[in-house]
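Colleague: I'm new to this one. Can you walk me through it?

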Amino acid sequence: MDWSVFILFLAACCAAAATGSMFPPGRWYRDLSKPDWTPPNWLFPIAWTFLYLASAYAATRVAVLEGNAHAMGFWAMQIALNTLWTPVFFGLRRLKAGAVVIAMLWAAVVGTMVSFFMLDPIAGLLLAPYAVWVSYAAALNLSIVFRNPNVVPAA
């Protein structure tokens with residue numbers, strides 16, 4: 001493994017993760033009506049640490065392969081959308097816009113997973129938990145939208 005390439009992908013993941021500390025959920029989020037299947041807050045940093053490490057490692061495996069242009073494009077798109085979701089949902093409190101972003105994120109993650117799998121099956125499989133987690137997060141985002149129709153966006 002080329003550690004310098006891994007560090008580059010991990011740095012992109014850390015930038016995405018940083019939005020979580022810049023836009024913490026806070027009281028506003030705690031007060032929203034959420035479904036019973038909402039995960040506990042302590043689970044999010046654990047899950048995202050694993051997902052970001054797996055994503056960076058998978059991208060490192062694919063980055064050195066011939067014919068990886070689409071796969072790397074999908075990876076760039078998913079990390080950009082991943083970075084965008086937190087400020088939209090938690091920072092701006094735009095629940096519906098967050099649902100749009102997470103739907104695009106889901107498509108980008110699935111595109112990344114499939115394109116990685118075509119080049120390196122292990123890399124594709126490493127992204128499967130990410131696809132599952134984003135599917136779950138998208139369902140949670142939509143549930144919150146429907147349960148909180150009168151939420152006022154941040155000023």
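Modeller: Start with a term. Helices (H or I, at least four residues) are DSSP runs, numbered from the N terminus. The expected span of a helix is 1.5 Å times one less than its number of residues. This is a predicted model, where local features need pLDDT of at least 70, side-chain atom pairs count only at pLDDT 80 or more, and totals for chains, interfaces and linings use all residues. Residues are numbered from 1 along each chain as its sequence is written, and side-chain values use heavy atoms, with hydrogens and water left out.

Colleague: OK, how many residues does α4 have, and how far does α4 reach?

Modeller: Helix α4 has 23 residues. From first C-alpha to last, α4 reaches 33 Å, close to the 33 Å expected.

Colleague: What follows α4?

Modeller: Arg 93, with a positive phi near 60°. Arg 93 is not a glycine, although its phi is positive. The residue sits in the loop between α4 and α5.

Colleague: Switching topic. Which residues touch the most others in the largest nonpolar core?

Modeller: Tyr 29, Phe 89, Phe 116 and Tyr 130, out of 44 residues in that core. Helices α1, α2, α3, α4, α5 and α7 each supply at least two of its residues. A nonpolar core here is a set of buried Ala, Val, Leu, Ile, Met, Phe, Trp, Tyr and Cys residues joined through side-chain atoms within 4.5 Å.

Colleague: What does Tyr 29 touch?

Modeller: Leaving out residues up to four places away in sequence, Tyr 29 touches Lys 34, Thr 38, Asn 41, Phe 89, Phe 90, Leu 140 and Ile 144. Contact means heavy atoms within 4.5 Å.

Colleague: What about Trp 28, where is that?

Modeller: Trp 28 is in helix α2. It counts as buried because its relative accessibility is 15%. Beyond four places in sequence, Trp 28 touches Phe 89, Phe 90, Arg 93, Leu 95 and Val 151. So Arg 93 turns up again, as a contact of Trp 28.

Colleague: Where is Pro 39?

Modeller: In the loop between α2 and α3. Pro 39 is buried, because its relative accessibility is 9%. Its contacts, not counting residues up to four places away in sequence, are Phe 44, Tyr 136 and Leu 140.

Colleague: Is Lys 96 buried or exposed?

Modeller: Exposed, because its relative accessible area is 64%. Lys 96 lies in helix α5. Its C-alpha is 9.3 Å from that of Ile 144, 48 residues apart along the chain.

Colleague: Now the largest pocket. How much space lies in it?

Modeller: About 590 Å³. A pocket is an open set of points on a 1 Å grid over the protein atoms alone, where a 1.4 Å probe fits, with protein on both sides within 12 Å along at least five of seven lines. Lining residues have an atom within 4 Å of a point. The volume is the space filled by probe spheres set on the points, which are joined across faces, edges and corners.

Colleague: Which residues lie nearest its centre?

Modeller: Phe 44, Trp 48, Trp 85, Thr 86 and Phe 90, from a lining of 26 residues.

Colleague: Which helix gives the most to that lining?

Modeller: Helix α7, with 6 residues. Helices α1, α3, α4, α5 and α7 each supply at least two.

Colleague: What is the lining like by class?

Modeller: It has 19 nonpolar, 7 polar and no charged residues. Ala, Val, Leu, Ile, Met, Phe, Trp, Tyr, Cys and Pro count as nonpolar, Asp, Glu, Lys and Arg as charged, and the others, Gly among them, as polar.

Methods: Buried < 20%, exposed > 50% of the residue type's maximum accessible area, 1.4 Å probe, protein only.
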